Amino acid sequence: MKIIVLNGSPKGDLSVTMQYVAYIQKRFPQHELKIINISERIKRIEKDEPTFQGIMDEVRMSDAVLWAFPLYLLLVPSQYKRFIELIWERGATDVFKEKYAAVLTTSIHFFDHTANDYMRAICDDLEMRFVGAFPAHMRDLMEKEGRQKLFLFASTFFEDVEKNAPAPKIFKPMTYGNLDYVSSPVEDKIDAQDKKVVIVTDCEDIQTNLGQMIKRFKDSFSTPVEVINIAEMNIKGHCLGCLHCGFEYLCRYEGKDDFNEVFRTKVQTADVIVFAGMIVDRYLSSTWQMFFCRSFFYNHTPSVVGKQVGLIISGPLSQTTTLRQAIEGWVQFQQSNLVDFVSDQYEDSVTLNLLLTDLARRLISFSEKGYIRPRNFLGVGGMKIFRDEIYGGLRGIFQADHRYYKKQGFYDFPQKNYKKRFMADIMTLFTKIPPIRKEFPRRIKKGMIKPYQKYLKG
Ligand SMILES: Cc1cc2nc3c(=O)[nH]c(=O)nc-3n(C[C@H](O)[C@H](O)[C@H](O)COP(=O)(O)O)c2cc1C
């Protein structure tokens with residue numbers, strides 16, 4: 001059997017993910033796993049049509065496709081996202097139709113569920129026969145259990161292909177609304193006072209719904225709003241995953257293009273940030289993903305802390321939980337506040353006008369009050385992963401993160417909280433005494449609310 005492995009790592013052959021592929025190849029020498037480096041060669045694939053067509057020919061002649069990539073910023077690397085966009089732009093979706101597909105990711109499990117969901121949706125959109133995903137931790141291959149699981153994943157993948165197994169689909173095709181939005185002038189404009197409002201967008205056409213939504217939002221203010229257009233910005237290239245930034249937050253592209261400077265001087269200094277973009281396939285565009293990946297020069301350190309963030313989206317937002325979760329996760333990791341999403345999924349322009357202006361009002365109001373709502377599972381869980389990873393295996397590479405985490409008290413390991421541990425031990429001891437144990441269910445409810453009472457008096 002011939003499997004085409006589409007390698008999403010910008011590091012090409014020196015990729016951790018490809019070590020997993022190499023292991024599968026070693027254990028299954030009867031099958032050919034042909035690796036094609038996608039992200040590493042994206043510029044060539046984009047510019048040179050025969051190179052792209054060569055890849056399509058390989059896919060056409062294969063029995064199955066293995067989408068193998070590292071997690072980058074809660075999704076796929078922006079180069080890989082660009083390749084996926086090219087499949088549609090160049091009318092090559094038929095090449096993938098009915099092909100068996102599986103997904104292999106390596107990461108530290110920070111939002112690997114969003115990346116896996118994204119890729120599965122893409123497989124469904126391409127009408128592929130998706131038969132499995134393997135969301136590995138980047139160090140799993142070094143453990144016996146990890147290798148066993150990888151072996152089983154590969155063997156079931158090959159078996160499914162050989163047996164011509166049926167494959168369920170879980171994502172329906174996206175359906176787009178037909179609102180032709182035209183913004184109208186705003187009467188009661190908002191005074192942002194000393195709050196700096198910045199819109200970051202990749203919108204290239206003011207006449208589109210997105211362009212008109214940005215216009216309405218901007219017009220909602222009587223005070224200046226800065227627009228940063230990442231599609232027009234001097235950005236030399238995608239994040240290469242070189243980790244040059246790990247020691248001092250200094251990117252390899254520093255001084256060679258405008259990204260890092262603009263990020264520091266315009267994005268980081270804003271009080272209110274609005275991201276405005278169009279849904280392209282199942283997420284924002286690859287230009288947007290490049291923006292997020294390039295912001296990784298701050299590694300795992302929150303770099304836009306305490307901001308109010310709003311999202312203006314053109315496209316079927318309600319049909320992509322992946323996008324909403326990834327953005328929410330990113331904002332919570334940044335210790336900022338996601339105020340809301342506004343999309344053009346409405347029947348009429350009047351409703352959208354109101355929502356956009358009200359988003360402006362809420363962003364300023366929250367900013368004035370300094371309101372950051374509590375993080376949920378996405379932010380709390382995500383931060384615990386980073387805490388453990390930076391303290392543990394990744395500290396040597398991400399030294400700047402380590403210094404920041406130490407200074408900010410991020411290393412809040414529960415085992416260091418001696419008072420809590422002591423109290424838990426005492427309770428465990430007491431509940432071993434039969435009469436206390438018997439009374440326990442009757443007293444637990446009262447006992448649990450007792451510590452709150454002092455805050456409720458008066
Ligand atoms: C720019 C960048 C962004 C990353 N983003 C994530 C992420 O969002 N979630 C995660 O769990 N790991 C993330 N990682 C870690 C990589 O996914 C992980 O190290 C992976 O194994 C690298 O594989 P590769 O060597 O094949 O490129 C990121 C790494 C880099 C360099």
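A nonpolar core is a set of buried Ala, Val, Leu, Ile, Met, Phe, Trp, Tyr and Cys residues joined through side-chain atoms within 4.5 Å. Buried means under 20% relative accessible area, exposed means over 50%, and partly exposed lies in between (1.4 Å probe, protein chains only). The model is predicted: local features need pLDDT of at least 70, side-chain atom pairs count only at pLDDT 80 or more, and totals for chains, interfaces and linings use all residues. Residues are numbered from 1 along each chain as its sequence is written, and side-chain values use heavy atoms, with hydrogens and water left out.

**Stop 1: the core**

Select L6, W67, F83, F96, V200 and F275. Of the 94 residues in the largest nonpolar core, these six touch the most other members. Next, colour helix α11 (residues 321-333), which supplies the largest share of this core, six residues. Helices (H or I, at least four residues) and strands (E, at least two) are DSSP runs, numbered from the N terminus.

Now centre the view on F83. Which residues does F83 touch, not counting residues up to four places away in sequence? They are L6, I38, I42, I45, F52, I55, M56 and W67. Contact here means heavy atoms within 4.5 Å.

**Stop 2: two helices side by side**

Two packed helices are described by the angle between their axes and the distance between the axes. Select helix α4 (residues 78-89) together with helix α10 (residues 286-294); their axes come within 8 Å and cross at roughly 175 degrees. Axes are lines fitted to C-alpha atoms, for helices over the stretch in contact, and angles run from 0 to 180 degrees between N-to-C directions. The crossing angle therefore makes α4 roughly antiparallel to α10, a term that applies to angles over 145 degrees.

**Stop 3: the cysteines**

How many disulfides does the structure hold? There are zero, a disulfide being a pair of cysteine sulfur atoms within 2.5 Å. For C123, the nearest cysteine sulfur is that of C293, 19 Å away. C123 counts as buried because its relative accessibility is 0%. For C245, the nearest cysteine sulfur is that of C242, 6.2 Å away. C245 is buried as well, with a relative accessible area of 8%.

**Stop 4: two backbone angles**

Most residues other than glycine have a negative phi. Select E98 in the loop between α5 (93-96) and β4 (100-107); the phi of E98 is positive, near 70 degrees. At 46% relative accessibility, E98 is partly exposed. Then move to H109, in the loop between β4 and α6 (112-125). H109 also has a positive phi, of about 70 degrees, and is partly exposed at 32%.

**Stop 5: K11**

Finally, select K11 in the loop between β1 (2-7) and α1 (16-27). Is K11 buried or partly exposed? K11 is partly exposed, with a relative accessible area of 33%. Leaving aside neighbours within four places in sequence, K11 is in contact with V16, E40, L240 and G241.

Terms used: Parallel < 35°, antiparallel > 145°, perpendicular 65-115°, else oblique.
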